[in-house]
Amino acid sequence: MFEINETLECIEMVKERRNKELKLNEFMLSEKNRLAEKVDYYTPLLKNLRDLAEKSAVRKEYSNNENGIYRGYYCPSPVDDLIIGGCRRGKLLKRITKRTNPDREYLFDSNNRLVAVNLLLDWKAVQTEVLIYEDNLVTGIDIDNYDNSVSEISECTYDSDGKIKSFLTASVSWEKAIRTKIYEIELEKYSYDESGLNEAEIISYYESDKVIENIIKKSFENNLTLEAKLGLPDCDTSYERYIFHHDNDGFIDKYVIINSYSDEEYKTLRKVKL
């Protein structure tokens, strides 16, 4: 791990990093527009999508005890519960009784494909995610059942062997407007070698509140970041790279994070074969 200082070498490194972040920021802004158009396309179809998914379901599963992870037990990301503290998939319930209080209900069609996920509150579906399959792309549309609006959208791409290549999630603004507004995107990209999952890149975009940002900047005028001192443009996108290590039995047991400030090694929160 290195500490930021103001040597010429560090200044050049900070400039190079910010230039990379700005290029990624341009890509994420184009994704923001594309995803907003996709939400607008599906919004008039939400009721039909939900009804079709429910009618096609031939089997259901239930889970609970999840925490902070997208889609619960069936989260597409192979890495989130390995690297994020307190993040867990929960467990599938083997049997349902009168005392059971599941968090999610999973609906599967006759091809054993997950077609819908209900977020439950006292057995009532407060949110429903419907999954749409198109070749190697699976789109998830998360519907708020109180006002029949899209709260989140996801995209997963897979290779010909069924291995996940990328997983994108985007949050839709709750503020009602003529045009849909995407304010947060996270994109995970995965690569594999003969051992299994080798690397993950995580690109995060969050539309910052400029008013709050300016207040924070003023409060730290005497302790500016090197980026601020150099007058580099603001950027709403961050980038991290994860390199995974497999033990002799093929389990992922540790990883290295490479980001703006460090390249430290960590143990995974659980050991898994991927």
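Let me start with a term: a residue is buried when its relative accessible area is under 20%, exposed when that area is over 50%, and partly exposed in between, using a 1.4 Å probe and protein chains only. Of this chain's 274 residues, 43% count as buried.

A word on the model. It is predicted, so local features need pLDDT of at least 70 and side-chain atom pairs count only at pLDDT 80 or more, while totals for chains, interfaces and linings use all residues. Residues are numbered from 1 along each chain as its sequence is written, and side-chain values use heavy atoms, with hydrogens and water left out.

First, the overview. The chain has 5 helices and 13 strands. Those are DSSP runs, numbered from the N terminus: H or I over at least four residues for helices, E over at least two for strands. The accessible surface is about 16300 Å², by the Shrake-Rupley method with a 1.4 Å probe, where for residues only the protein chains shown count as cover. Carbon and sulfur atoms hold 50% of that surface. Now contacts, meaning heavy atoms within 4.5 Å. Take those between residues at least 6 apart in sequence: 50% of them join residues at least 24 apart.

Next, helix α2, residues 46-56. Which of its residues are buried? They are Leu46, Leu49, Arg50 and Ala53. Seen down the axis of α2, these fall within an arc of 95 degrees, so they line one face of the helix. The arc is taken from the directions that run from the helix axis to the C-beta atoms.

On to the strands. Two strands pair if DSSP finds at least two bridges between them. Lysine 60 stands opposite leucine 107 in β3. β1 also pairs with β2, residues 91-92, in the antiparallel sense over 2 bridges. There, asparagine 64 has lysine 91 as its bridge partner.

Two loop residues deserve a look. Tryptophan 123 sits in the loop between β4 (114-121) and β5 (124-134). Its phi is near 70 degrees, positive in a residue other than glycine. Tryptophan 123 is partly exposed, at 39% relative accessibility. Aspartate 135 is in the loop between β5 and β6 (137-144). Phi of aspartate 135 is near 55 degrees, again a positive value in a residue other than glycine. Buried or exposed? Aspartate 135 is exposed, at 83% relative accessible area.

Now salt bridges. The rule is a side-chain nitrogen of Lys or Arg within 4 Å of a carboxyl oxygen of Asp or Glu. The count comes to 9. One of them joins lysine 38 and glutamate 155, with the closest N and O atoms 2.6 Å apart. Lysine 38 lies in helix α1 (residues 8-42) and glutamate 155 in strand β7, so the pair ties together parts that are 117 residues apart in sequence. Both residues are buried. Glutamate 155 has a relative accessibility of 10%.

Another salt bridge links aspartate 109 and arginine 113, at 3.1 Å, N to O. Aspartate 109 is buried at 8%, while arginine 113 is partly exposed at 35%.

Last stop: strand β11, residues 237-246. Threonine 237 is in this strand, and it is buried at 4% relative accessibility. How far apart are threonine 237 and leucine 24? They are 213 residues apart in sequence and 6.8 Å apart in space, C-alpha to C-alpha. β11 pairs with β12, residues 252-258, antiparallel over 6 bridges. The two form a hairpin with 5 residues between them, and glycine 250 in the turn has a positive phi of about 90 degrees.

Arginine 241 has isoleucine 258 as its bridge partner in β12. The side chain of arginine 241 also meets that of glutamate 199 in a salt bridge, 2.9 Å from N to O. Arginine 241 lies in β11 and glutamate 199 in β10 (residues 196-206), so the pair ties together parts that are 42 residues apart in sequence.
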